[in-house]
Amino acid sequence: MIDVRMPPGFRTEGLRAALDLRRARPGIGVLMLSAHLETRYLFTLLDGEPRGVGYLLKDRIAGVDAFVEALRRVHAGGCVVDPEVVATMLARRSDRTGFLSARELEILGLMAEGLSNQAISERLHLAPRTVEAHIRHVFVRLDLPPASDYHRRVQAVLAYLRRNDPPK
């Protein structure tokens, strides 16, 4: 667990330390904390191997239990992203979402929050098979065939966000 901004300059020292740590020990989990919604840090942190990565906004952590659960998910190799970060990133790209249906986009956002198929099913009041079908469609539309060397759910979120990232 590390804060994005740390001494001595309180800029991106924590992010740089996390990146260096992951380069030195690729399997280590990193949970970044930030006081501000800065999505470019999320992209930098997720680049490469997105397993065992988390990005949470400090003021939105809903208590000790939620924080411990996020730590456990990152430690287990999962990806945890604050729902507000996901919503902001997807909202910025809402004018370029023609290749995904509204439901697929909604499910992709919940996937980015780290929800399981069952949790998505319960949240949206959909049958589990319906959620699975939507996720399959997302994978197809984003050209993410089954593979053993990456996590398709995380890659779907990254591919979507990168594909719709505004030009620099």
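**Entry 1**

I started at Pro8, which lies in the loop between strand 1 and helix 1. The model is a predicted one, and I kept that in mind throughout. I looked up the peptide bond between Pro7 and Pro8 and found that it is cis, with omega about 10°. Phe10 has its place in the loop between strand 1 and helix 1 as well. I noted that its phi is positive, about 55°, although Phe10 is not a glycine. For background, most residues other than glycine have a negative phi, and most peptide bonds are trans. I then checked the accessibility of Phe10: the relative accessible area is 49%, so Phe10 counts as partly exposed.

**Entry 1: the whole chain**

I stepped back to list the elements. The chain has 8 helices and 4 strands. Read from the N terminus, they run β-α-β-α-β-α-β-α-α-α-α-α. Of the 168 residues, 45% count as buried. I also looked at contacts with a separation of 6 or more: residues 24 or more positions apart account for 59% of them.

I went through the pairs in turn. Strand 1 and strand 2 are parallel and share 2 bridges. Here Ile2 stands opposite Met32 of strand 2. Between these two strands the chain passes through helix 1 (residues 13–24), and this β-α-β crossover is right-handed.

Strand 2 (residues 30–34) pairs with strand 3 in the parallel sense over 5 bridges. I picked out two of the facing pairs. Leu31 has Gly54 in strand 3 as its bridge partner, and Ser34 stands opposite Leu57 in strand 3.

Strand 3 and strand 4 (residues 79–81) run parallel and are joined by 3 bridges. Tyr55 has Val81 in strand 4 as its bridge partner. Gly54 turned up again here, opposite Val80 in strand 4.

Why is strand 3 described as largely enclosed by the rest of the structure? I found that 5 of the 5 residues of strand 3 (residues 53–57) are buried, and the description follows from that. Val53, Tyr55 and Leu57 point one way, while Gly54 and Leu56 point the other way.

I moved on to helix 5 (residues 102–112). It is mostly covered, with 8 of its 11 residues buried. Among them are Leu105, Ile107, Leu108 and Met111. Gly114 follows helix 5 and has a positive phi, near 95°.

Next I looked up how helix 5 packs against helix 7 (residues 128–141). The angle is about 95° and the axes are 10 Å apart. Angles of 65 to 115 degrees count as roughly perpendicular, and helix 5 and helix 7 are therefore roughly perpendicular to each other. On the helix 5 side, the contact is made by Arg103, Glu104, Ile107, Leu108 and Met111. On the helix 7 side, I listed Val131, His134, Ile135, His137, Val138, Phe139 and Arg141. These contact residues divide into 7 nonpolar, 2 polar and 3 charged.

**Entry 2: one more positive phi**

My last stop was His125, in the loop between helix 6 (117–124) and helix 7. His125 is not a glycine, yet its phi is positive, about 55°. Is His125 buried or exposed? The relative accessible area is 73%, and His125 is exposed.

Technical notes:
Residues are numbered from 1 along each chain as its sequence is written. This is a predicted model: local features need pLDDT of at least 70, side-chain atom pairs count only at pLDDT 80 or more; totals for chains, interfaces and linings use all residues. Side-chain values use heavy atoms; hydrogens and water are left out. Buried means under 20% relative accessible area, exposed over 50%, partly exposed in between (1.4 Å probe, protein chains only). Two strands pair if DSSP finds at least two bridges between them. Axes are lines fitted to C-alpha atoms, for helices over the stretch in contact, and angles run from 0 to 180 degrees between N-to-C directions. Angles under 35 degrees count as roughly parallel, over 145 as roughly antiparallel, 65 to 115 as roughly perpendicular and the rest as oblique. Contact means heavy atoms within 4.5 Å. Ala, Val, Leu, Ile, Met, Phe, Trp, Tyr, Cys and Pro count as nonpolar, Asp, Glu, Lys and Arg as charged, and the others, Gly among them, as polar. A crossover is right-handed if, with the strands pointing away from the viewer, the path from the first strand over the helix to the second runs clockwise.
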